[in-house]
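Student: I would like to go through this model by question and answer. Can we begin once it is on screen?

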Amino acid sequence: MTKSPTPETQSDTGQKSVRITSETNAASAKRGRGLKIGLGAAVVVLLAAGAALATANANQTASQPSQSAVAQTGTPAAQLKLGYFGNVTHAPALIGVGQGLIADSLKAAGTNSLTTQVFNAGPAEIEALNAGAIDAAFVGPNPAINSFAQSKGQSVVVVAGVAAGGAQLVVQPGINSAADLKGKTLASPQLGNTQDVALRAWLAKQGLKTTPNGTGDVTINPTDNAQTLKLFQSGKLDGAWLPEPWASRLVLQAGAKVLVDEKSLWDGSQTGKPGLFPTTILIVNKKFAADHPQTVEALAKGNVAAINWLNTASQADKEKAVNAGLKASAGAELPTDVLDRALSNITFSADPLAGAYPKLLQDGVDVGVTKTADLHGLFDLTTLNRVSGQPKVSAAGLGQD
């Protein structure tokens, strides 16, 4: 197995990794610290920045002819700048980078340089993508939807799925129902991210009001995941809707209990796959995709190779490789019990579950963190379906497949 690259070093696969964490990204750190400080201003800044960056990207791509975002024209890019999280839900990125699967695929296509950046939450990653700091990203679906909506379809394109499932609402032991949450304080990774939207939408269905600025029947404080664990352990948080491995960490390391497993909320009517919901997808800047289809195809191949490895490796090999990726990207490995629980809650698949996206969009609109939008054109799965060797993946009428 190829040795995992360490942050901010040149690896033996020719990759360079630059960590962006809550400590090195001042905006993310500020969002993650105060429980009730400045959330109203954060909403304005987040939405304004996202709109401005998406508009700039739209202006760049306005002259593009109407065609598949990854049509076979253009040339390979000299470099691919890739973003992802140091989370188990991004395990294909951890494996793809750590074992050189993505770099090797890129080199075969003529893209000889891969640089990576590690983020804490999707909205910050989308800002980097729209600003040109990265070209492609492993990210949650809701930030991708927000960017697509704000840019009127010009900013990003979904080229593959990555992971499904692996998100839970975990709470203090004395909380037994939705009614017990009234007046309580909960956390989500970042305002407008996939788990944040899921939490707000679920609370609304329980008759509990929330607002993006933190007021309402339940206070929601967007908080860095590592900080959430500490605040929960100290009794300053009543619960959190989190992706893996953080849900498992709160359960096994902080005594939390599961109030809602998100898989119970998806009956399969949208996707045909009960219990599955999109957690991580692979997106590409739309202009980059149009200019460098060979590089996008190579990235898709590397993603599929990483997913296949995860789905066929022994449990011991999987634990070792994922932990190596977590240490390289997030600075620490996970205890075996936490990692096993997290992995058992996640399905790794290149299917982005496109049929779920109208519901994801509507949930974001209903809770006030997303604008109404036409999602047609969000997906271009033609490259994925050409290279995966698997049954055709559907774009559910929201793009090309």
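Student: Does Ala-78 count as buried or exposed?
Tutor: This is a predicted model, where local features need pLDDT of at least 70, side-chain atom pairs count only at pLDDT 80 or more, and totals for chains, interfaces and linings use all residues. Residues are numbered from 1 along each chain as its sequence is written, and side-chain values use heavy atoms, with hydrogens and water left out. Buried means under 20% relative accessible area, exposed over 50%, and partly exposed in between (1.4 Å probe, protein chains only). Ala-78 has 64% relative accessibility, so the class is exposed.

Student: Which residues does Ala-78 touch, leaving out those up to four places away in sequence?
Tutor: Ala-78 lies in the loop between α2 (39-61) and β2 (79-85). Helices (H or I, at least four residues) and strands (E, at least two) are DSSP runs, numbered from the N terminus. Contact means heavy atoms within 4.5 Å. On that basis Ala-78 touches Thr-111, Asn-112 and Ser-113.

Student: How far apart in space are Ala-78 and Leu-106, C-alpha to C-alpha?
Tutor: In sequence, 28 residues separate Ala-78 and Leu-106. In space, their C-alpha atoms are separated by 9.6 Å.

Student: Within what arc do the buried residues of α4 fall, seen down its axis?
Tutor: Helix α4 covers residues 101-108, and its buried residues are Ile-102, Ala-103, Ser-105 and Leu-106. The arc is that of the directions from the helix axis to the C-beta atoms. The buried residues line one face of α4, because they fall within an arc of 165°.

Student: What residue with a positive phi follows α4?
Tutor: The phi in question is near 100°. The residue that follows α4 with this value is Gly-110.

Student: How many residues of α6 are buried?
Tutor: Helix α6 is mostly covered. Its buried residues include Pro-143, Phe-148 and Gln-150. Just after α6, Lys-152 takes a positive phi of about 55°. The count of buried residues in α6 is 10 of 10.

Student: How are α6 and α14 oriented to each other?
Tutor: Helix α6 (residues 141-150) and helix α14 (residues 357-366) pack with their axes 10 Å apart, at an angle of about 75°. Axes are lines fitted to C-alpha atoms, for helices over the stretch in contact, and angles run from 0 to 180 degrees between N-to-C directions. Angles under 35 degrees count as roughly parallel, over 145 as roughly antiparallel, 65 to 115 as roughly perpendicular and the rest as oblique. So α6 is, to α14, roughly perpendicular.

Student: Which residues of α7 meet α14?
Tutor: Helices α7 and α14 pack at about 70°, with axes 9 Å apart. That makes α7 roughly perpendicular to α14. On the α14 side, the partners are Leu-360, Asp-363 and Gly-364. On the α7 side, they are Val-197, Ala-201 and Lys-205.

Student: Which strands stand at the edges of the five-stranded open sheet?
Tutor: The order is β8-β7-β9-β6-β10, with mixed pairing. Two strands pair if DSSP finds at least two bridges between them. Each edge strand has a single partner, so one side of each is left without a neighbour in the sheet. These strands are β8 (219-222) and β10 (257-261).

Student: What residue in β10 stands opposite Leu-169?
Tutor: Strand β6 (residues 167-171) and β10 run antiparallel and are joined by four bridges. Opposite Leu-169 stands Val-260.

Student: Which residue in β8 stands opposite Ala-187?
Tutor: Strands β7 and β8 run parallel, joined by four bridges. Both faces of β7 are covered: Thr-185 and Ala-187 are buried on one side, Leu-186 and Ser-188 on the other. Opposite Ala-187 stands Asn-221.

Student: How many residues has the largest nonpolar core?
Tutor: A nonpolar core is a set of buried Ala, Val, Leu, Ile, Met, Phe, Trp, Tyr and Cys residues joined through side-chain atoms within 4.5 Å. Among the residues with the most contacts inside the largest core are Leu-169, Tyr-357 and Phe-379. Tyr-357 touches residues including Pro-141, Ile-145 and Phe-379. The largest core has 90 residues.
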